[in-house]
Amino acid sequence: LQSLHSKIIAQPDFARAIKELARFAANPKQADMLEIAQNLVLSAKGDFVNISDEISGSLNLSYKVKVTAAVNSPTEQRALLVPDFFDFNMPLLDGGSPQPIRCEFMYRIPESAEAKLSLGLNIVDKAYIEKEALDAVVANIREETGLPVYLGETK
């Protein structure tokens, strides 16, 4: 999950990474998460809007684009909703107990018809989650050893 944080990668690579993480899926369900990663398609629709100023004779031309995300499921005839977040329940450290981790699900429109769709995850409150895990380790070391534990940064 750490290796996907704040990265946008090609859909096949993202789908392979999600397959490795799917066992930790909390929401959407494991099968749905995999299907979204593998079969997400984006469609863009644009409209030109003309705004003319009759007094000055000027013309403003704008283009509005609306992007729609959908999952084309090859296995089932149902519509999967594309979530804003992927939620995982996984240990932060080896041997630790599972913790809830929320990730913002990101997708980008391909730059050309030949380009692949790009997908990614952004771990929500990543710095806070890491600090909380570190504080728990420090508290455990202090409790088990009875010795003072100091946190600091190396420069």
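Is Ser6 buried, partly exposed or exposed, and at what relative accessibility? Select Ser6 in the segment before β1: its relative accessibility is 47%, so Ser6 counts as partly exposed, where buried means under 20% relative accessible area, exposed over 50% and partly exposed in between, with a 1.4 Å probe and protein chains only. Phi of Ser6 is near 60 degrees, a positive value in a residue other than glycine.

This is a predicted model, in which local features need pLDDT of at least 70 and side-chain atom pairs count only at pLDDT 80 or more, while totals for chains, interfaces and linings use all residues. Residues are numbered from 1 along each chain as its sequence is written, and side-chain values use heavy atoms, with hydrogens and water left out.

Now display the whole chain as a cartoon. Its secondary structure comes to three helices and seven strands, which follow one another from the N terminus as β-α-β-α-β-β-β-β-β-α; helices (H or I, at least four residues) and strands (E, at least two) are DSSP runs, numbered from the N terminus. Of the 155 residues in the protein chain, 26% are buried.

Next, select Ile9, which lies in strand β1 (residues 7-10) and, at 23% relative accessibility, counts as partly exposed. Leaving aside residues up to four places away in sequence, Ile9 touches Leu4, Phe14, Leu117, Ser118 and Leu119, contact meaning heavy atoms within 4.5 Å. Ser118 is 109 residues from Ile9 in sequence, yet the two are 5.1 Å apart in space, C-alpha to C-alpha.

Move on to helix α1 (residues 11-21) and helix α2 (residues 30-39), which pack at an angle of about 165 degrees with their axes 8 Å apart; axes are lines fitted to C-alpha atoms, for helices over the stretch in contact, and angles run from 0 to 180 degrees between N-to-C directions. The two helices α1 and α2 are therefore roughly antiparallel to each other, a term for angles over 145 degrees. To see the contact, show Gln11, Phe14, Ala15, Ile18 and Lys19 of α1 together with Met33, Leu34, Ile36, Ala37, Gln38 and Asn39 of α2.

Step back to the loop between β2 (25-27) and α2, where Pro28 has its place, and look at the cis peptide bond joining Asn27 and Pro28, with omega of about 0 degrees.

Finish at Asp125, in the loop between β7 (118-123) and α3 (126-145). Although Asp125 is not a glycine, it has a positive phi of about 60 degrees, and at 54% relative accessibility Asp125 counts as exposed.

Terms used
Parallel < 35°, antiparallel > 145°, perpendicular 65-115°, else oblique.
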